[in-house]
Each structure stands twice: as structure tokens, then as C-alpha cells.
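The entries follow in the order in which I checked them.

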Amino acid sequence: MHKLQKLLLAGGAVWVGLTAAALADTSDVKWQNKVVIAKKGAHCVDDPNCFNRYHPEIPTVAKAKPGDMLVFHTRDALDSDLNLTSVADDLAAVDLNLVHPMTGPVHIEGAKRGDVLAVTLVDIEPDEYGYTVIVPGFGFLRDIYTKPHLVNWKLSRTHAVSDQMPGIKVPYEAFMGSVGVLPGAQETDAWLAREAALGAAKGVALPPQPIGALPAAVCGPKGTHKDKCLRTIPPRENGGNMDVQQMQVGTTLLLPCFVDGCGLFVGDVHYAQGDGEVSGTAIETGAVVTVRTEIRKGGGANIKGPEVEGGSQIKNIEPSKFYQTIGLPIKKVGEVPPPLKYLESEKIKNLENLSEDLTLAARDALIKMIAYIQREHGLTSEQAYILASVAVDLRVGQVVDVPNYVVTAVLNMDVFDK
């Protein structure tokens, strides 16, 4: 007789049909239906479950029902070979045509074009290694930081540390940098047209690039739609590379479906990031991401792009103490910051103060914050820029006090390991 059964009988209780199997550990009790979209091979090009462009003809790699637990095994944003011994010179080997490797897409059964897919983030299990980089020509202050720089991070479920950032501990606040659904044919055409018009006006726009594009059969140099596959770098109405850190575990992302089945994908996990991701990267890492979906029938009539439902998550990532700089839309006479150059305005060049300009105010706040970090905490200029990218939040203060709108830079002082 089982020991517990003897004790119960001795105490006067009677259990009928008690067996050892009924006393199994709780880990043996299952209710979740899991659909795993695993990584295969060393890089996206080796993996049938990976792609790095958007087009409605990209085939889905799995099917799932609403309520299933979808487990996405994701790759880092650069699909890189970087590791803890990597140095800045190794960035020269990074192929930006491979950005971003996405896991999926997954067909959600019952979802139709015009519905909304509600995607609740259940868990993110990060890899043990991550990185933050400065890439020449990219980032908010690309005119100031023109040399490559790399920080390697050791990651856990509590914080990130780096030999290149002594005295810094960045809290674990992971989220999906990229998550979205496939565009439909009409959306693809419309978005390509508007981005082409921006490029023609000398704005920053990334046209289709078949080199390195996956899946190659659809988007590669000999692909069936090589001239219509959208790059993953800009976010759009289908979601994608939004880089919104408030989308923490427990929040629900609402995405309009543009194709039947939606074509859900996940990638580009950020271990931690400041609002702005100013150097161009957060703490980039691969991860295992678990989400759960729900279909909201006909929701696309009202929701035309990504929206988020959440609770206390937005409070949980707030710092316990902070330092803040205040930015105004001011600059030096004769200076035209990179985001404004495409306007080709002599007025901009010759003015010291611009009217109602949040971009310039953000730049002013960030430059002041970097100066503070260097002055008060002894970091180099590059270290301070990296820290700003992973732990400083750019926030709109006000948009009414003309001509000087305000953007603030908020530094999480908890990162300093005392």
C-alpha cells in the first residue's frame, strides 16, 4: 500500500481507487496545446522557418488555432556570428541585407482579411549573449558617431552586464522588437508607392533589395516577386520593426489582418531598450518567445494599424530614480541635422531655432544627456551613446508652447551598479 494511503487510512479517511499515478508531480499535468516554430541551421538562409522580407506570397510554415501557445525560436536582428569575444572591427563582416530574420509566418486558422489578431505576449526566454552596436551611417546621431563600436552583453533573467561597460547593470525588460502580420497585395503596392515617392523627394526610403532576401524563391535575385518584397527595417501598418518597449510580457498587441490566416511572425527580440533606441540597436539577442492569439472578427474596420492593450507593465519598467534633460528645437546656425537634410531648405540652415520640431528637440535632449553621463559617470562618448540606446527614454513633454516643443531624455539611474 502507498505510504500516503496508509496514513490516510490510519487517520480514518478513505480514498477509493488511489493509485501512484494519481499522485504524479504537477509537472506531469498538461493543458496547453503548443505549436513550436523552431530554428533550423546556423542562419536564416539555412532555415525554412525564417524570412527577412514581407510579401503576401511568402508561404506560411505552420498552422495554429486561436488559443494555442505559439513558441517562436528567434534569431538576433543582424543574423550575426557575433559573440563575447567580438570586437568593433568584426562589424565590417555584418551584411545589412540580412536584416531582420523573422520566424514564421504562421497561419492562424479562422482568421480572415479584415479581422484583428490579438497577440498576447506570454514569455520571453533570452539567449545568454546579446550585443549593442554603433554602425556608421545609422542611428539618431549618425553625423556625430561615425566609427563602429560594439558592446557585448552577458544576459540573465535579471540583468545584463558587459566587460565593455564596467559598473553598469541593465535590468531585464525584454520585448519583441519586431512582430507583425503579412501585408496583402494592395497594401504592398500602396506602401511601395508611398516609400518610392519619399525616396524621390530625397527622404530616407529603402527600396526592395533582392540580394540576401529570403525566401529566395519569392524575394531573392531570381524570385517571383523580387521587385515587390518590402524591407523589414521600417515599421508599417502590419507591425514589424516597431521597437516599442512597453509591449512587455502580459500586454496584448492588436494587428489588422491583411491576408487570410494573418501570417503572424516574430523576431528581433530586445533584452532591454530605451525609448528611441538611439544608437540604432538595443540589447539585441535571440530568444524563445511564447505568444497566444485571439481573433476579433471584423475588427479591421476600426483598427488600421498596431495598437496595444496593457496593464501595470508600463509602470513596472519605470525607473525607481532618474535623471532628466530637457530638449528644445535649437541648433547651431549653419547646421542641418541628418533627419532634416532632405528638405533642402536654406531657412533651416540659417536658423538657430526651428518651429514646433520634435526631432530637433529630441536631438538636443539626447546630446545633453550624453554630456551628463560622461561628466558625472565617467563613461566615454561611445559608452554614453550605447547606454542611452538601452536605458534612456526620449519622451514628448509638450506640443503646444510654440515655437519650442519639448522632448526630454530620462536616464534610468538604476543601471549604475553601486
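**Aromatic pairs**

I began with Tyr 54, which is buried at a relative accessible area of 0%, where buried means under 20%, exposed over 50% and partly exposed in between, with a 1.4 Å probe and protein chains only. I kept in mind that this is a predicted model, in which local features need pLDDT of at least 70 and side-chain atom pairs count only at pLDDT 80 or more, while totals for chains, interfaces and linings use all residues. Residues are numbered from 1 along each chain as its sequence is written, and side-chain values use heavy atoms, with hydrogens and water left out.

For pairing I took rings of Phe, Tyr and Trp (its six-membered ring) with centres within 6.5 Å, calling planes under 30 degrees apart stacked, over 60 edge-to-face and the rest tilted. By this rule I count seven aromatic pairs.

One of them is Tyr 54 with Phe 265, stacked at 5.1 Å centre to centre with 25° between the planes. Tyr 54 lies in the loop between strand 2 (50-51) and strand 3 (62-64) and Phe 265 in strand 14 (residues 262-270), so this pair ties together parts 211 residues apart in sequence; helices (H or I, at least four residues) and strands (E, at least two) are DSSP runs numbered from the N terminus. Phe 265 is buried too, with a relative accessible area of 0%.

I then looked up Tyr 145 and Tyr 385, a stacked pair with 4.1 Å centre to centre and 15° between the planes. Tyr 145 is in the loop between strand 7 (129-134) and strand 8 (149-155), and Tyr 385 is in helix 7 (residues 381-391), 240 residues apart.
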